[in-house]
Amino acid sequence: MNVQKIKQEITQMKTSLAFLEERLKEIQQNCDHHFAGDQYYEKCLKCNMVNVLYY
Ligand SMILES: [Zn+2]
């Protein structure tokens, strides 16, 4: 694998990562959350979104 090829793959992965993060954000925004957890931390069972309740 040469440098050019590696750089190309990095660019492709970044693009696909950005796409996936966008998708995830969209799903979490549209989720009717069902949170489970304790007094410090809760997590949605459907979309895995995390809320930290205690700092
Ligand atoms: Zn959710």
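Predicted model: local features only at pLDDT ≥ 70, side-chain atom pairs only at ≥ 80, totals over all residues.
Student: Which residue forms a salt bridge with Lys-46?

Tutor: Side chains of opposite charge can pair when their charged atoms come close. A salt bridge here means a side-chain nitrogen of Lys or Arg within 4 Å of a carboxyl oxygen of Asp or Glu. Lys-46 pairs with Asp-32, and their closest N and O atoms are 3.2 Å apart. Lys-46 sits in the loop between β2 (41-44) and β3, and Asp-32 in the loop between α1 and β1 (35-37), so the pair ties together parts that are 14 residues apart in sequence. Helices (H or I, at least four residues) and strands (E, at least two) are DSSP runs, numbered from the N terminus.

Student: Are Lys-46 and Asp-32 buried or exposed?

Tutor: Relative accessible area decides: buried is under 20%, exposed over 50%, partly exposed in between (1.4 Å probe, protein chains only). Both Lys-46 and Asp-32 are exposed.

Student: What confidence does the chain average?

Tutor: Residues are numbered from 1 along each chain as its sequence is written, and side-chain values use heavy atoms, leaving out hydrogens and water. The protein chain averages a pLDDT of 94, and 98% of its residues score at least 70. Confidence is highest in helix α1 (residues 3-30), at a mean of 97, and lowest in strand β3 (residues 50-52), at 92.

Student: How many salt bridges does the structure hold?

Tutor: Four. Among them is the pair Lys-25 and Glu-22, at 3.7 Å, N to O. Another joins Glu-26 to Arg-23, with the closest N and O atoms 3.1 Å apart.

Student: Why are Lys-25 and Glu-22 about one helical turn apart?

Tutor: An α-helix has 3.6 residues a turn, so residues three or four places apart point the same way. Lys-25 and Glu-22 are three residues apart in helix α1, which puts about one helical turn between them. Glu-26 and Arg-23 are also three residues apart in α1, again about one turn.

Student: What are the accessibilities of these residues?

Tutor: Lys-25 is partly exposed at 46% relative accessible area, and Glu-22 is partly exposed at 44%. Glu-26, at 41%, counts as partly exposed. Arg-23 is partly exposed at 36%.

Student: Which residue caps the N-terminal end of α1?

Tutor: Asn-2 does: a side-chain oxygen lies 3.2 Å from the backbone nitrogen of Gln-4.

Definitions and conventions. pLDDT = per-residue confidence, 0-100. Polar contact = N/O pair within 3.5 Å; in protein donor to acceptor, adjacent residues only side chain to side chain.
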